[in-house]
Amino acid sequence: MNILLIEDEDSVASFISKGLAAEGHRVERASSVAQGTALALSYDFDLVLLDLVLPDGRGEQVLSRVRPEKPDVPVIVVSALGDVEDKVSLLDLGANDYLVKPFAFAELAARVRAAGRGSQASCRELHAADITLDTRTRVVTRGDIKADLPSREFALMEYLMRHAGQVMTRQQLLDAVWGIGFDTESNVVDVYVSYLRRKLDRPGMPSAIETVRGAGYRVRA
């Protein structure tokens, strides 16, 4: 997808842009109301990610300018303002979705996919080696093993499978599943990998999630 990111904080913009690029998307960034409005009106984007607090105004100004001329482009608000009134106001103004900062990248990626999915049924199942993950039911299958995954285990497994064959560092997994700024000293990634292994591994089988010593974890492609 061709995505316009309107975000003035460099660290947040870098976090989002790198993650979306790894998912195969192209990201164009704007850092102000004026720049974001100009880009959104001048080019055809598949999706707009919109912050609300910008140096020269409010994200609502972008939405109110863009929505009449581009009624079909999905807009996801990504903001630290999480009051119900803020959400209702932006949704009424024409936003399609609203995500509150801080957030886990996996949640943003899922919302981006949902915005661009339409009627594509092919997005429902992920396959890697002998593993199948149904992204709608959150059921993972490996041979005759079938398990329902709680939300955090599902997010971790989905992220690994979408990057099958690649070694993902603990920091990448922390950012994607638990969110930017999560305690980097935590062993939560290792704990959740062990949860998934208990459900998917059996004696005599290679582990569903490989440990790459000194690097991180990988699901075989």
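Me: Which residues touch the most other members of the largest nonpolar core, and what makes a set of residues a nonpolar core?

Reply: This is a predicted model, in which local features need pLDDT of at least 70 and side-chain atom pairs count only at pLDDT 80 or more, while totals for chains, interfaces and linings use all residues. Residues are numbered from 1 along each chain as its sequence is written, and side-chain values use heavy atoms, with hydrogens and water left out. A nonpolar core is a set of buried Ala, Val, Leu, Ile, Met, Phe, Trp, Tyr and Cys residues joined through side-chain atoms within 4.5 Å. In the largest one, which has 48 residues, I16, L49, L108, M157 and I209 touch the most other members. The most is given to this core by helix α6 (residues 151-162), with seven residues; helices here are DSSP runs of H or I with at least four residues, strands are E runs of at least two, and both are numbered from the N terminus. Apart from this core lies another, of 20 residues, including A40, V75, A95 and Y98.

Me: What is L49 in contact with, leaving aside its neighbours within four places in sequence?

Reply: Contact means heavy atoms within 4.5 Å, and with those neighbours left aside L49 is in contact with I3, L4, L5, I6, I16, L20, I76, V78, L108 and V112.

Me: How do you know how far the backbone nitrogen of M1 lies from the side chain of H25 in polar terms?

Reply: A polar contact is a pair of N or O atoms within 3.5 Å, where within protein one must be able to donate a hydrogen and the other to accept it, and residues adjacent in sequence count only if both atoms are side-chain atoms. The backbone nitrogen of M1 lies 3.2 Å from a polar atom of the H25 side chain, and that value is within 3.5 Å.

Me: What joins the side chains of R113 and E158, and why is R113 called buried or exposed?

Reply: The side chains of R113 and E158 are joined by a polar contact of 2.4 Å. R113, which is found in helix α5, counts as buried because its relative accessibility is 13%. Leaving aside neighbours within four places in sequence, R113 is in contact with E23, E158 and R162.

Me: What makes a space a cavity or a pocket, and how many cavities of 30 Å³ or more are counted?

Reply: On a 1 Å grid over the protein atoms alone, a cavity is a set of points where a 1.4 Å probe fits but cannot get out, whereas a pocket is an open set with protein on both sides within 12 Å along at least five of seven lines; lining residues have an atom within 4 Å of a point. Grid points are joined across faces, edges and corners, and a volume is the space filled by probe spheres set on the points. By this rule there is one cavity of 30 Å³ or more, and about 30 Å³ of space lies in the largest cavity. The lining of the largest cavity consists of E23, A106, A109, R113, A155, E158, Y159 and R162, and α6 gives the most to it, with four residues.

Me: Which residues lie nearest the centre of the second largest pocket?

Reply: K18, G19, Y159, Q172 and D175 lie nearest its centre, among 14 lining residues. The second largest pocket has a volume of about 230 Å³, and the largest share of its lining, five residues, comes from α1.

Me: Why are A129 and R138 called partly exposed?

Reply: A129 has 43% relative accessibility and so counts as partly exposed, and R138, at 35%, counts as partly exposed too. Phi of A129 is near 50°, a positive value in a residue other than glycine, and phi of R138 is near 65°, again a positive value in a residue other than glycine.

Definitions and conventions
Buried < 20%, exposed > 50% of the residue type's maximum accessible area, 1.4 Å probe, protein only.
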